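Dear colleague,

Please find the structure below. My notes on it follow.

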Amino acid sequence: MDLTVDLYELSRIVFSYPAIDNHAHPFLREEYRDTIPFEGLITEANGERALQDATHTMACYRATAQLAKLFGLGAGADWETVKRFRSGISYEQLCRACMDPTRIQCILLDDGLGAPEKTYPYRWHDHFTPSPSKRIVRVEALAEEILKKAIQFQIEKEELAPSVLLQRFIPALETALRSAAADSEVAGFKSIACYRTGLDVGVVTTLPDDNSANEVLTRLSLIYMTNQKLRLAHKPMNDYIVNVAMRIAGEAGKPVQFHTGLGDNDITLTSSSPAHLQTLIKAYPATKIVLLHSSYPYTKEAGYLTSVYENVFLDFGEIFPFLSPDGQRQVLREVFELAPTNKIMWSTDGHYWPESYYLGSLQARQVLYEVLESSVRRGELTLPQAIGIVQRAFFDNANRIYNLGLEPHLV
């Protein structure tokens with residue numbers, strides 16, 4: 001068949017095939033649409049200066065041009081022009097403009113990112129997709145809520161007994177995780193151990209009932225009593241929480257996502273490589289593990305783990321739009337170096353702003369086409385093989401791994 005015809009058909013499939021967004025977060029509510037700096041769309045950086053620096057990246061220049069085109073602003077529009085325009089149109093118009101072109105059929109939403117009072121509930125996003133959204137339960141956030149309730153109970157009883165607190169926490173955690181695992185609205189779990197104590201999660205079956213745990217619970221209780229905030233970052237306790245989630249998820253056949261690699265300055269970069277998860281992966285062979293965010297800059301390590309462990313899968317998300325175009329192409333090539341194409345999945349890591357979904361979809365489709373197109377041109381892939389990769393990466397793999405039972409919504 002003529003190569004030009006083949007590439008046209010490949011392009012048509014890449015840019016039109018329905019997609020399951022296997023990892024994203026809720027939109028901001030309309031009344032809060034401008035309360036978080038919009039620069040978070042193109043960077044994980046924090047702080048006024050770092051956010052301003054991000055507007056001088058290749059990623060921002062590309063995002064600016066693509067959003068200017070979407071909004072009909074002309075080729076000369078800059079970042080500030082885009083910001084003013086998107087703040088001036090109706091929220092419904094903004095959301096529709098961004099979501100309609102994405103061809104996202106179903107979203108799996110981690111609603112534990114934070115600021116729940118500022119974001120919409122997960123099912124609200126069904127406005128924009130042919131298939132209903134599903135939840136991803138963030139296990140550390142769930143554990144923190146359980147601990148808050150247990151502490152509040154002790155406050156009301158005017159007692160502070162860490163050993164009793166521990167005795168209440170452990171069965172409550174087990175019950176909550178089992179309830180989530182049995183919930184048909186929950187597609188899977190997610191751990192942010194990477195942000196808390198690193199990915200070198202130990203394999204444990206019990207939580208040590210020792211002075212160290214009691215001291216941590218006492219400190220957490222006092223902090224919560226002071227400012228109503230609680231953050232679990234105690235390695236023995238965090239490791240225990242992850243292990244309970246791994247065991248229960250495996251029994252229920254639901255995947256556990258792990259934040260790996262790319263993140264804000266709250267992570268320790270050297271502890272964010274998925275290679276640290278190898279012991280945990282071996283300990284729970286029946287539990288499906290999804291390595292999120294392309295594990296950038298540790299994509300090669302993630303590809304290796306995906307290739308040698310049956311229960312490991314690789315998400316290529318968040319790099320859209322955070323990386324430059326060349327960076328995105330390089331990451332996707334590294335994904336393809338070792339990872340079987342029936343074990344990779346796409347996501348936007350969309351969060352807060354509908355533009356994150358738009359850019360995450362558009363750029364992923366562009367880069368996937370460019371990488372596959374070059375392989376087809378060199379005779380390394382046939383057209384049917386390339387099309388099969390597209391269909392698996394955007395839809396089939398996530399549909400199978402998360403047991404969604406969907407049919408692609410073809411138009």
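Is Cys60 buried or exposed? Cys60 is buried, with a relative accessible area of 0% (buried is under 20%, exposed over 50%, partly exposed in between, with a 1.4 Å probe and protein chains only).

This is a predicted model, in which local features need pLDDT of at least 70 and side-chain atom pairs count only at pLDDT 80 or more, while totals for chains, interfaces and linings use all residues. Residues are numbered from 1 along each chain as its sequence is written, and side-chain values use heavy atoms, without hydrogens and water.

Cysteines. The structure holds zero disulfides (pairs of cysteine sulfur atoms within 2.5 Å). The closest cysteine sulfur to that of Cys60 is in Cys98, 15 Å away and too far for a bond. Cys106 is also buried, at 1%; its sulfur is 18 Å from the closest cysteine sulfur, in Cys95, again too far for a bond.

Glu373. This residue lies in helix H15, residues 354–377 (helices are DSSP runs of H or I, at least four residues, numbered from the N terminus). Glu373 is buried, with a relative accessible area of 16%. Leaving aside neighbours within four places in sequence, Glu373 is in contact with Leu7 and Leu10 (contact means heavy atoms within 4.5 Å). The side chain of Glu373 also makes a polar contact with that of Arg377, at 2.4 Å (N or O atoms within 3.5 Å; within protein, one must be able to donate a hydrogen and the other to accept it, and residues adjacent in sequence count only if both atoms are side-chain atoms).

Regards

Key:
Helix = DSSP H or I, 4+ residues; strand = E, 2+ residues; numbered from the N terminus.
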